[in-house]
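Hi everyone, thanks for coming. Please take a look at the model on the screen, and then I'll walk you through a few places in it.

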Amino acid sequence: MPWTQQARGFFQALIRGEQRIAFLLVVLVAMFSLATFRIRHDSPTEDEWAHLVRGVSYWQNRDMRVHVQHPPLANAFDAIPTIFEPNNPKTAEMATWKNGYPPAGEYIKIDYARARAQLFECRYMAVLFLVGLATYAFFFCQTFFGWPTAACALLLIAFNPTLLGQARYVATDLPAATLWLIGVGETIRYLTSRSKWPLLTMPLGLAGAVLVKHNGVILIPLVVLVALVVAVLGRGRFEGFRPARRVLSWFGHFVLAGLIVIFSINAVYKFDRTMLTVAQLLDVPEQKHWTTSGYHGNFLEKRSILPKLPQGLRIPLPHPYLFGLFTIEEHNRRGYPTYFMGKSTQDGELGYFPVLLLVKNPPALIALLGFGLVLLWRTRRLSLPSAVLLAISVGFLAVLMKSNLNMGIRHALPIIPLLSVLGARTFARLPELLRGEWLIGARVVGLSSILSALSAAPHYLSYFNLLAFGHGSWIAVVGDDWGQDREDFVHFAKAHALEPLYYYPETSTRRVEVQYLGLEFSELGCHSRLPAGAWAALHLQYVRRWEHSSCAWLRGLAPSYVINGNINIYHVPGAPPSHSDHAPAPPPSETEHRAEPSEPSEPSPAEAQP
């Protein structure tokens, strides 16, 4: 048999579900290749240094003081490659660590080239969270919904540009999406089976969500409430029991789950300052943190519920974890500078996350969800697993819509895998809605997410779908530019001899990166006086901030070049530009000379926050 026929037979077997593990492996390999394509040419992003150093600190120290802004689990996993390196700098000896900040500036100052190489190695560990997410979704769907749903869910998750983009960096948002799906999936397993194993796997999944990002605490009340409704209705594992027994069983199961979650938190935090009384918690010297700087060491007394509790009450949670929860609440209260629908704001917008979910996901998923709504309206019924997925998604979205932290799609990332499973479920049920060519067309659209991934590669963070009508940067700009395009920008500036060049690096760690890459530039500011013929490079987020202010040099200028959709390069009138507008950045050269970095300053509070 010719090899072409063998190959066609193999792929036909994959599509029919006759080789399910092979199908999974083929998709995972393709996904991993896309997620890691040019991953070493994306410059270190602002947040990654803090996450990396937190991970290094976790393996070096028992004191969890730097794990306030984020819990340690994801950072510790990503930093596993660093624990085998000899003579790694000791984070506990750094002044910033003693103050409670991850000492990113001090760490990279010791040997920037080494720290940069470490970070790139840890990025491959970060991509494994996406591998785990896609794999879990596949087996979960195969168990509860069958083959077509499992195959489609795998494709929707593996080739979602937003998930691919978030997976490339050492951060906590993709790990949160992974652990949320596991927590919800094991909750569904608990609700639909009387097996005892889910009484362990469900709380472990919930604990994982809590331990990779603080927004995991939102999942716990959502799960508890959904399970209570199922118990009251007598569905799933509670079917056939009397009402009192149903509620009592629900209560006992979640008491056990709560104990497992609390123990898991303490174990991952290495039991650091746990089981303190309220009075002792308030007496612990408060570490420095950018959200608490105005409270002069009395943040917990003024902005937490602790002073209202009995002073002798013991709290079974580590001090760093509890302190971190209250700082996130304070961060949300203060808001965050953002840009949405052509307007800069400090407070959250009600439509921010719904709109971003609509324009930052591939059309395949949006179309399937639309078909799903039509199917739901026609049938007026949902299976218990689908109802739980929908309830958790809607509940979390409602919480996000009231949030003041509009920092990009990343905070809504846990919703995307849940919606992907629902979209895949619709794909399997399309024959109930369509026939003939319409059915074939809908199936083609439902499986087209790989086209979205290929069209966005490798600049996934900047992806917007067709519903943005080409105005993605007008809809939202915060969250798409993490500084990852600096290497491409430097190579472009050198190749095109952009001199004199003015550039706004934003922070000390971004400055040291472009200095390391050998870029010569003068500092750019909103009120800089630029000579005729000069070049000015500005990240799009600051273009949006400065374009409505009194920046004389920016007024009326259109960018001559745009690097990866995130860095605008302007030519100041007075001398003609030497190249055509919007030229693409050339591929980076492996032989480019790299200058030694100058010493960065210590990170400011704004830099230290993720």
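**A helix, a pair and a histidine**

Let's begin with α20, whose buried residues are I415, I416, P417, L418, L419, S420, V421, L422, G423, A424, T426 and F427. Buried means under 20% relative accessible area, with exposed over 50% and partly exposed in between, using a 1.4 Å probe and protein chains only. So α20 is mostly covered, with twelve of its 14 residues buried.

A quick word on the background: this is a predicted model, where local features need pLDDT of at least 70 and side-chain atom pairs count only at pLDDT 80 or more, while totals for chains, interfaces and linings use all residues. Residues are numbered from 1 along each chain as its sequence is written, and side-chain values use heavy atoms, leaving out hydrogens and water.

Next, the pair. How do α12 and α19 pack? Helix α12 (residues 216–233) and helix α19 (residues 384–401) meet at an angle of about 140°, and their axes are 10 Å apart. The axes are lines fitted to C-alpha atoms over the stretch in contact, with angles from 0 to 180 degrees between N-to-C directions. On the α12 side, I218, L219, L222, V223, V226 and V230 meet L384, V388, A391, I392, G395, F396 and V399 of α19; contact means heavy atoms within 4.5 Å. Those residues divide into twelve nonpolar, one polar and no charged, where Ala, Val, Leu, Ile, Met, Phe, Trp, Tyr, Cys and Pro count as nonpolar, Asp, Glu, Lys and Arg as charged, and the others, Gly among them, as polar.

Finally, is H214 buried or exposed? H214 sits in the loop between α11 (198–212) and α12, and because its relative accessibility is 5%, H214 counts as buried.

Key
Helix = DSSP H or I, 4+ residues; strand = E, 2+ residues; numbered from the N terminus.
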